[in-house]
Amino acid sequence: MTVNNEGWGAFKTNKWLFTTPSSSGGRPQTPVSNSRVTDGENSLETPVKRANRPRTLSDRGNEILDNHEAVRSLYAWTWNELKENYPEKGINNPSVFCYAISCIQLLSHVPAVVRFLQEHRCQDHLCLACCWRRYFFHAQGKSAPIGWFPDAFKKDRKFNAGLQEDAHDALLEILAKLDKAAAKNPPPLKNRKLSDDLFGYSIRNEVQCKRCQYKHVYYENNTVMTVRMMRKDPSGHRHSIKDLMRNLFNPSVISGYICTKCKNKNYEAPVKPTLLRAPQVLLLHISRFSYDKEARKISRPVTLNETLDVSSMATASQSTVYKFCGAIIHAGHQLDFGHYWCVTRSRRKENSLITLNDSQVFQHASLHDLPQSYIVMYRRKEHLPTENQPQPTAPNNDRSMI
């Protein structure tokens, strides 16, 4: 766990800091970060913007923001920055690979990911990044195969049993594979964590001791933000993505916290979480599978906000506005059964939505038709064209609308 200047030894008595909850609830606390901005000859210079930040931030908090600001110049954030903008295509599903297909389609609509796949080269014939580019983007026809996906995970013994898998688990494994591939790239991406640069976020947690009033700060870093389903509203109000995010950042209490100053054990210590580092691309996992006796899925609909402003959740109330980019939908009543498909903004016409359901590709009508979203992706508003800006250009030999 990443902490402030008090040191690692001060946290050994607080076991609650190190528990990693399952994907069905709680804020994920698995640390994922690039260690430093200035580390080695090929590193970037640390941005000098600390004067505009909260004075209460620790050195670790400033370091997190330094790294966040540095990555803005490393990646492509719009489709116009790519060497080639590919037409939309489906993926043939021979059995139960809809969980993988939906993740591949969703990440294929992030310009920075596509640019990385275009430039990555290595000697591993089972490299996920190379196979992704070769067998999906460069595939002939309107649909591509998926056999390369389980082949890329053979050594890991994952996704090869011919069983339905969780799309959230698959997404995390894909990002981990891309991190390994990025480590082999030449500078400036060499040894960087691609997933943290693109999707990484940081939560600043402030815990206050009830006895001595000492305020202690620790940080959580992760890539996919898990939000819990809220209790059913008696009035019938449908909760939105913004409601779920606000609920995540509501003040709460923790049990068993031992103050590092007065050594008093707090049975209910108040904790205030805020969003210190807003990600470049926001990935949200809606925790629908809360296991009870029947292991049923929580099927209550969730409204997808077209725009999302996280300023009310930010540490210093910074205004970061996101726009909906894509979502993975799950149909079914259990985690082990059902079907996944994807709805995203078109790469060539970003003001229109398309449905990518295995090998089928067709235009989608509205966000209101997606109440069973499982994974939702938002991109920063400044990375998307406005109505008056030109759309990404397509090759002259292909005039397809999608």
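## Helix and strand packing in a predicted model

The buried residues of helix α4 are Leu 128, Ala 129, Cys 130, Cys 131, Trp 132, Arg 133, Phe 136 and Phe 137 (buried means under 20% relative accessible area, with a 1.4 Å probe and protein chains only). Because eight of the ten residues of α4 (residues 128-137) are buried, this helix is largely enclosed by the rest of the structure. The elements against which these buried residues pack include α2 (98-107), α3, α5 (148-152) and α6.

The model is predicted, so local features need pLDDT of at least 70 and side-chain atom pairs count only at pLDDT 80 or more, while totals for chains, interfaces and linings use all residues. Residues are numbered from 1 along each chain as its sequence is written, and side-chain values use heavy atoms, leaving out hydrogens and water. Helices (H or I, at least four residues) and strands (E, at least two) are DSSP runs, numbered from the N terminus.

Helices α3 (residues 111-119) and α6 (residues 167-182) pack at about 45°, and their axes lie 12 Å apart. In α3, Val 113, Phe 116 and Leu 117 meet Leu 178, Ala 181 and Ala 182 of α6 (contact means heavy atoms within 4.5 Å).

Strand β17 (residues 373-380) is mostly covered, with eight of its eight residues buried. Its pairings are tabulated below; two strands pair if DSSP finds at least two bridges between them.

| Strand | Pairing with β17 | Bridges |
|---|---|---|
| β11 (residues 281-287) | antiparallel | five bridges |
| β13 (residues 321-331) | antiparallel | seven bridges |

Within these pairings, His 285 stands opposite Ile 375 of β17, and Phe 324 has Tyr 378 of β17 as its bridge partner.

Technical notes:
Axes are lines fitted to C-alpha atoms, for helices over the stretch in contact, and angles run from 0 to 180 degrees between N-to-C directions. Buried means under 20% relative accessible area, exposed over 50%, partly exposed in between (1.4 Å probe, protein chains only).
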